[in-house]
Structure formats: C-alpha cells, structure tokens
Amino acid sequence: MKELQAPPLNTIELQTQASCVLGLSCDKTMEIAEQLYLGGYISYPRTDTNSFPSEFDLTTIPQGLRKHHS
C-alpha cells in the first residue's frame with residue numbers, strides 16, 4: 001500500500017508555517033528555501049500551485065534536482 005504524503009506547501013503556507021512553528025521571518029524562510037533548492041532537496045520554492053496530474057510523482061522532483069546539481 002502506497003503511503004500518502006502531505007501535499008507540498010505553496011509559498012504563503014511555507015512562510016506561515018516557518019513563522020508560526022519556527023519563528024522565522026519571510027526573508028529568512030525564502031533564503032533557506034533557495035539554498036535547499038540549489039542543493040537539490042526541494043522543487044522551486046516560489047511555486048504557488050499544488051494542483052498536479054494524478055500520475056505525477058512528486059517524490060521524483062528532489063531526486064532529479066539532486067542529480068542535476070551534483
């Protein structure tokens with residue numbers, strides 16, 4: 001059985017969670033997100049959509065980014 005994963009956060013949700021849970025400013029949150037993106041750990045951090053085709057496997061994005069940035 002495939003484990004269900006939480007949908008990705010859009011920019012506003014990411015900033016809200018980082019502020020409420022971690023006490024980070026919006027600027028610091030986006031700085032960290034940009035570094036994670038450049039390191040190949042997350043997809044582009046300024047994407048504001050969470051509507052994807054059902055056959056789209058979100059787990060392949062970080063894998064592809066790590067391969068591309070290695």
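A: Along the sequence, the protein chain reads α-α-α. That is three helices and zero strands. Helices here are DSSP runs of H or I with at least four residues, strands are E runs of at least two, and both are numbered from the N terminus. The model is predicted: local features need pLDDT of at least 70, side-chain atom pairs count only at pLDDT 80 or more, and totals for chains, interfaces and linings use all residues. Residues are numbered from 1 along each chain as its sequence is written, and side-chain values use heavy atoms, with hydrogens and water left out.

First, the chain as a whole. Its accessible surface is about 5600 Å², and carbon and sulfur atoms hold 56% of that. Areas come from the Shrake-Rupley method with a 1.4 Å probe; for residues, only the protein chains shown count as cover. Of the 70 residues, 16% are buried. Buried means under 20% relative accessible area, exposed means over 50%, and partly exposed lies in between. Among contacts with a separation of 6 or more, 41% join residues 24 or more positions apart. A contact means heavy atoms within 4.5 Å.

Now helix α2, which spans 26-38. Thr29 sits in this helix. Thr29 is buried, at 4% relative accessible area. Leaving out residues up to four places away in sequence, Thr29 touches Leu14, Gln15, Ala18 and Leu24. Lys28 also lies in α2. Lys28 is partly exposed, at 36%. Ala18 is ten residues from Lys28 in sequence, and their C-alpha atoms are 9.2 Å apart.

Next, the surface. Ile32, Leu36 and Tyr41 make a nonpolar patch of about 270 Å². Patch residues have over 30% relative accessible area and no salt bridge; nonpolar side chains (Val, Leu, Ile, Met, Phe, Trp, Tyr) are joined within 5 Å, like charges within 9 Å. A salt bridge puts a side-chain nitrogen of Lys or Arg within 4 Å of a carboxyl oxygen of Asp or Glu. Tyr41 belongs to the loop between α2 and α3 (60-69).

Last, the cysteines. Cys26 is partly exposed, with a relative accessible area of 40%. Cys20 is exposed, at 63%. A disulfide is a covalent bond between the sulfur atoms of two cysteines. Here the criterion is a pair of cysteine sulfur atoms within 2.5 Å. The count is zero disulfides.

Note on methods
Buried < 20%, exposed > 50% of the residue type's maximum accessible area, 1.4 Å probe, protein only.
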